[in-house]
Each structure stands twice: as structure tokens, then as C-alpha cells.
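Here is a short briefing on one protein chain. Look at the sequence and the 3D view first, then work through the points below.

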Amino acid sequence: LPSGTWYDFWDEATQAAAVEGSKTHSVQVSRSHVPVYVRSGAILAKKMRRRRSAGAMASDPYTLVIYGSGNAEGHVYADDGESHDFQSGAFIYDRLSFDGTQLVGEPSQSLHVTGAAKGLPNTSQKHLRVERVVFVGLTRQPKGAKMEGGETLEVTATAASGGQTWVATVKKPSCLLGSSWKLVLEF
């Protein structure tokens, strides 16, 4: 692996067990499992509900996965998935950032090809909803979480790596892609 700290993308049981880069690692592989690792500092947006097709997932909510306990950054892009309206700015391109305590979503970022994001005014908010936020590799166990504005959220945390790191899940935060929001972990 290249330098840095890495997490197993597939195995939630060992996801919080960091793998150090700048060295060679031997892993079991099979035809049904390709090893994939995510570098600490990454934020990925996923749709986690299993479906038979991408079209069936179109209205599913998002899961945001933050890797590592320090600074992390990522972007999420969404358009209507059907038209070429993105060429005139009908898309969302949000910047996501985490500083170890606070996760922030900021809308209306620009893309070099199409310019500024103007949002998706004809898309239902339920299609832009974040269903859960998962923090992988935290060095401290979070006791709770709050949305800016005071909404208290339930956090479940599971110890990993012999209790040295944590995987924490915040369910049903009031986060919508294309809008500004802040989620603060409480330790």
C-alpha cells in the first residue's frame, strides 16, 4: 500500500483496524472478493440498500462514511440521473469536511466543466436525504451527536482493534445534500 493509514472497504468488522501503508501486506483473495482499501482522511457517499439495479437505488437515501479520526474531506455529486440538465447547472456538488469533531456539508461548489451547481429544484428532498453517517477509525468513543441548531442524535459505537479505535454510526441526521448543515460529535 502507498504511505498513509488505510481501512478495509468491505469488512465492517475490521474496518476500524487501521493498516499502515509504505509496506507490503498479504491478504486472502478469491473470485468473489477483491481487496479494496480507503485512505484515512477520505469521505465517501454511498447508497447502502441492496437493489437489483442502479435505477432502483435512485430514490434511496445516502450514507456518508468518514475514515480516520483527524481531518477528512470529500465531495458528493448528484444530478437527476436522466437528463442533460447538469450542463446548465442542475446538479449538486457538495463539499464535505471533518475536523475530528465536526462534519460540515457545504453546497454549491463549482465543477470545472459546467460551472456552479444550481441545485436540483425538481427533485424531492427525500432523494437527497442522508440516512446515516458512519465514522470509521475514531480514536475516542463518541457519547452523542448534535445537529447545528440543537437536534440531539443517537450514536452507536463499536470498539475495534482491541478497543483502540471505534466505528460510530449516527442514524437519521437531518442532513440534506444541496443544503448547509453541521453535525457535531460529543466525546
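Start with the largest nonpolar core, which has 29 residues. Bear in mind that this is a predicted model.

**The nonpolar core**
- Residues with the most contacts inside the core are Ile 66, Phe 98, Leu 103, Val 133, Phe 135, Val 170 and Leu 183.
- Several strands each supply at least two residues of this core: S5, S6, S7 (91–98), S11 (130–138), S12 (144–147), S15 (165–171) and S16 (181–186).
- Strand S11 gives the most, with 4 residues.
- In soluble globular proteins, nonpolar side chains tend to be buried together.

**Aromatic pairs**
- A pair of aromatic rings is described by two things: the distance of the centres and the angle of the planes.
- The structure holds 4 aromatic pairs.
- One of them joins Tyr 7 and Tyr 67, whose ring centres are 6.1 Å apart.
- Is this pair stacked, edge-to-face or tilted? The planes of Tyr 7 and Tyr 67 meet at 35°, so the pair is tilted. Stacked would need an angle under 30 degrees, and edge-to-face one over 60.
- The pair links distant parts of the chain, 60 residues apart. Tyr 7 is in strand S1 (residues 5–8), and Tyr 67 is in strand S5 (residues 62–67).
- Are these two tyrosines buried or exposed? Tyr 7 counts as buried, because its relative accessibility is 4% and the cut-off is under 20%. Tyr 67 is buried too, with a relative accessible area of 0%.

**Charges over rings**
- The charged end of Lys 47 sits over the ring of Tyr 62, 4.6 Å from the ring centre.
- Arg 140 lies over the face of Phe 187, and the distance to the ring centre is 3.9 Å.

**The second largest pocket**
- Rolling a probe the size of a water molecule over the atoms shows where empty space is left.
- This pocket has a volume of about 340 Å³.
- The lining is made of 17 residues. Nearest the pocket centre lie Lys 47, Ala 58, Asp 79, Asp 80 and Gly 81.
- Which strand gives the largest share of the lining? Strand S6 (residues 72–79) does, with 3 residues.
- By class, the lining has 8 nonpolar, 5 polar and 4 charged residues.

**Loop residues with a positive phi**
- Most residues other than glycine have a negative phi.
- Ser 22 has a positive phi of about 65°, although it is not a glycine. Ser 22 is in the loop between strand S2 (19–20) and strand S3 (37–39). At 56% relative accessibility, Ser 22 counts as exposed.
- Lys 172 also has a positive phi, near 55°. The place of Lys 172 is the loop between S15 and S16. Lys 172 is exposed, with a relative accessible area of 64%.

- Pro 142 is in the loop between S11 and S12. Pro 142 counts as buried, at 4% relative accessibility. Between Pro 142 and Asp 85 there are 41 Å in space, C-alpha to C-alpha, and the two are 57 residues apart in sequence.
- His 112 is in the loop between strand S9 (110–111) and strand S10 (115–116). His 112 counts as exposed, because its relative accessibility is 77% and the cut-off is over 50%.

Conventions:
Residues numbered from 1 in each chain as written. Predicted model: local features only at pLDDT ≥ 70, side-chain atom pairs only at ≥ 80, totals over all residues. Heavy atoms only, no water. Phe/Tyr/Trp six-rings, centres within 6.5 Å; stacked < 30°, edge-to-face > 60°. Buried < 20%, exposed > 50% of the residue type's maximum accessible area, 1.4 Å probe, protein only. Lys NZ or Arg CZ within 6 Å of the ring centre and 35° of its normal. 1 Å grid on protein atoms, 1.4 Å probe; cavity = no way out; pocket = protein on both sides within 12 Å on 5 of 7 lines; lining within 4 Å. Points joined across faces, edges and corners; volume = space filled by probe spheres on them. Nonpolar A, V, L, I, M, F, W, Y, C, P; charged D, E, K, R; others polar. Core = buried A, V, L, I, M, F, W, Y, C linked by side-chain atoms within 4.5 Å.
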